[in-house]
Amino acid sequence: MGSFLVRNGLILALLVLVPTFVGEFWAYQLGLYFLYALAAMGVGLTWGQAGILPLGQGMFVALSAYTAAYGLSGIGTSPLAFVVIPAAALGVALFGFLFSTVVFRGHSDRGPSFSLITLALTLAAFQIATTWSSVTGGFNGLRNIPGLPGLDGFLDLYYLIAVVLGLSIAFVDYLLRAPLGALWRAIADNERRLAFLGYDVAALKAVAFAVACWLAGLAGALYAPQQNLVTPDLAGFAFSGDLVIFAAVGGRATVLGPVIGAIVVGVLSAELRDRFPWWEIVIALFFIVVVLRLPGGLMTLFAPLERLRLARGQTPRASRAPDKPRAAAPLSVGFEDVRVRMGDVTILDGLSVKTGDEAVLCLIGPNGAGKTSALNVMTGALPKRGGRILIDGVDVLRPEPAAVARSGVGRKFQTPSVFPKLTIDENLAIALWSGRWRGFDLLRPSLFGWTTPLLDEMRRRFGFLGSGGKAASDLSHGERQILELTMALITEPRLLLLDEPCAGLSHEETAQVIDAIQWARQSLNLRIIIIEHDMELVRRLADRVVVLHQGRFLADGSVEEVQGNPDVRAVYVGGSR
Amino acid sequence: MESLLVTQAINVVYEVLILAVLVLGLAVVMGLLNVLNIAHGEFVMLGAYTAYTVQKAGFPYLAAVPAAAVVCGVIGLLVERFLIRPLRYDPFETLLATWGLGLLLRKLVELVFGRGFRSVDIPIGGSVSIFGEAYPTYRLVLMAIAVVVVVALFVWYARAATGARIRAMVGNPVLAEAVGIRTRQLARNTFVAGTAWAGIAGVMIAPLTPVEPFMGLTLIVNSFFALVVGGMGTVTGLFAGSTIIGGLQSVLSASVSPTTAYLAMLILSILFLWQRPRGLFPRP
Amino acid sequence: MSEPALFEIDHVSGGYGSGLVVRDVSLTVGRGEAVCLLGRNGVGKSTLVRLACGFLAAAAGTVRMAGADITGQPPSDNLGVGLTYCPQERVVFDDLTVAENLTLMRADRRLDGFDRYFQVFPRLTERRRQHAGTLSGGEKKLLSFVRGLAEGSAMVVIDEPSEGVQFENVVRMADLIAARKAGGTAFLVVEQNLTLVERIADRIVIMDHGEIVYTGAAGDVARDEILSHLTV
């Protein structure tokens, strides 16, 4: 906490002291770039953290600016005028939240669709702003917007803007270090994994976008009294593009990057644009270089400074995480004549099988039998074309990954699926928070200290989990498998789906994992479904074995029964007739 | 009255065909290679400026065609080598990189030619009488060329050996390598063909539109969203997109207002991006 | 007897990302010989073959074709050195017709040279104008097999040729392979199904956990021994 106050206090002080160094005129100019910096910070936040690139943020700045213009003209000199600023920003933020929620729930493929939608929206906004003259003043915009009451001269407004910028920087800084920030970075890293941990990814993305719109809204609302003029240019393609460039050039993954980008590029452009016609070519080239080679932007040049900022100081105090409600019984699953097709290929051809009393069920079968597909269709990763899937006796019509996870299903994928750019501790924390956080918990850094006896036990068994500050991408393949298994276990699921948990593990690691699974089975009231090819593992763990073949149920029983079954042997090896 | 309707109908067909010609280069690059080349409009712009330069230098207009192909082809080659390939043909990254490229090209052209509008003389003047109304000959010529080109391309893509290899590479890049297709070179050549064609499209439209550095920006919007709606990677998609977007623009522009047409096109595109991002007839 | 091997995989290791799926594997295939690579799912057979044919970068080791080092060369160069590869998945070009799949890389783009294959697999002739994506899984494997043999390479690597293929056609595939072997073509075949293996294998190599656990002449190994490594 201390370092947070020091850091942001210094920035605020710096911002406020600027006019003493550069004089009144420059303070006025800088005011404008500070507003650009606010909007650029929003772009940096959604893009650099959550991986969502908004190509039309200008529209939100413009919307807020026009609203504030009307508000200020209407209210005049009463002190109530100051309320207009946050009100306009809040309105825009709400609009942004609703809009992005609708979009993010609309289609499941990530792609650049959202970026293109925001681009189309801003183009439309520009068109409307230019032609709806009665409301927007058309091409020439709204003029003679009154300033804020009591603030006379260039300096007063500058101080207001500087304070707003300083506070906003602190706000974003806080968010990025809070659990919410970690979740945003997780979205950019491995969205599917986050959904399978039970998080509402669309809502998280919408929150990020809403914050960006709040910042854009502040920028727009302050723009109106600062410039006393609002034109459609704010909604234009060019301005939105500039915001992306500020964020990229400055360094989108950091708090200060977009601020520095906006100020440096903005100021230099204004000064040099007329003197050196090729200045904008330099900017364009630098932007291309940033995209190709330097994703960290200018901030990478200040890397030592950044390390200073990012050092967390103290590790958060360890505390016991809230308990999850104790499950009455493990989850039961039933497939009734389930069919799945992908194009022309039949993947599941009327699969009917039900879990019974067994604690560990091993699912085996030759290539293409449909084992992983069965797990996929149950958890909503594949659409079902026919039949019923019953979870705890209830027909789940259209399973959806996050909902299935919240009902108590934990999943470990075939190829290790963790958050590679995040640290081991962050990976574990995100898994731990799932289903346990309430209300505004995601804004409390103390959540990073949560732990449970189960997690302690896993840390004891697997020493490498103790190097919490290591990035997950630095782990070996085997360690990543174990990390993912741990993440699935600490959510305390009622049903644990393990897809080849020991693939690629050394013999020692395999033994450790088998031990851990057996321990989990005894200490937690859960059912485990394991897809495996390694018969050694199946022998040691399985209470019941189910054999699939060509998308259908073939046989089941104990390990010995299945091994002795002639149909099973035939299916695995073929052989002469 | 009838003759006016006929002229209007021809106009709609004209708008659709011209859009198809403009979108073609992007359809190749975006539909086949998944590269979001938002600088596509700038390649068209470069083609238009090449046409202007060629005409100014006194050469026959037809010479602008190979000239533009070379100019845009060479730039396309450099872009593929230094932007697209290092970014591994990733749609998101190439969108960003080509945004920067677009800025760069616009500024360079502005430096060399200035910001003002240049006009290119129509190479085939005069008009043809259709149902009593005079219709510009050049437009009819362009329409004919557009039809020939799109049909020829369709046939070539479906029948020719290289067309089959492109289809193979696009559908199954691993197997394509296995059977001996040099996918790196084929992808590069396909990209360059896309940019070269954009240049030729620029030559075609240069006499009919004000030539200025920012002309690409208006073009890219229509082209991009025509593909979004029509679907990427198929010739049917190209036709469908051009017809819907071009037709909508043309009809609404004439009957209501250009602004309404533009807004309608944007709203339609947003709806598609939201619900059906792959378009009507995407590559399977 | 000391004729140099045509295709050599020499101490090759590799995998996907950071994991090593194949560990230090060496095997050779000589002219006119068919080596069958067996093992359960997930032991690394397909990965080994992808490493050997250049579709995956090897972390260690060398691959040689007729004595020349081909490690790391782009897979499109394989045909040039006489190496054909038929993958396990996505075995044909779904968007192209059967005929186009076969004639794609031929200069004359005609089906004339394929008559002897069409006689063995008349189904393919019937479907020659259909898009390959509409074929059944077994038919796609047949198409891929014919394409591979027709390339006329000295070394043919096939990953699970008989998956989904009817017994009668598997026998015919075995006959075609035997005929080519007699002419000197070498084969490396990954298989889980013994029908084909029993008919064509000269040598058998069994993998488990990314390593070779058994290698020997086909006649030397008892069926039960093989089964013990393969079944549940």
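1. Two strands pair if DSSP finds at least two bridges between them. Strands here are DSSP runs of E of at least two residues, helices are runs of H or I of at least four residues, and both are numbered from the N terminus. In chain A, strand β13 (residues 544-549) is joined to β14(A) by 5 bridges, and the two run antiparallel. Within this pair, V545(A) stands opposite G557(A) of β14(A).

2. On the model itself: it is predicted, with local features needing pLDDT of at least 70 and side-chain atom pairs counting only at pLDDT 80 or more, while totals for chains, interfaces and linings use all residues. Residues are numbered from 1 along each chain as its sequence is written, and chains are lettered from A and ligands numbered from 1 in the order in which they are written.

3. The sheet in chain A is open and has 6 strands, in the order β9-β11-β12-β6-β13-β14, with mixed pairing. At its edges stand β9 (409-412) and β14 (552-557) of chain A, each with a single partner strand, so one side of each has no neighbour in the sheet. On average, neighbouring strands of the sheet are turned by 20° against each other, direction ignored (axes are lines fitted to C-alpha atoms, and angles run from 0 to 180 degrees between N-to-C directions).

4. Chain B has 11 helices and 2 strands. Along the sequence, the pattern of chain B is α-α-α-α-β-β-α-α-α-α-α-α-α. Its radius of gyration is 19 Å, close to the 19 Å that the globule rule gives for 284 residues, so chain B is as compact as a globular protein of that length (the radius is taken over C-alpha atoms, and the rule is 2.2 Å times the number of residues to the power 0.38).

5. Along the principal axes, the C-alpha atoms of chain B fill a box of roughly 60 × 45 × 35 Å. Of the 284 residues in chain B, 52% are buried, meaning that 20 or more other C-beta atoms, placed from the backbone, lie within 10 Å of the residue's own.

6. Chains A and B touch through 27 residues of chain A and 29 residues of chain B, where contact means C-beta atoms, placed from the backbone, within 7 Å. On the chain A side, α3 (81-106), α4 (113-131), α9 (237-250) and α11 (279-292) each give two or more residues. The most come from α4(A), with 9 residues.

7. Chain C also touches chain B, with 16 residues from chain C and 17 residues from chain B.

Notes
Two residues are in contact if their C-beta atoms, placed from the backbone, lie within 7 Å. A residue is buried if 20 or more other C-beta atoms lie within 10 Å of its own, exposed if 12 or fewer, and partly exposed in between; C-beta atoms are placed from the backbone.
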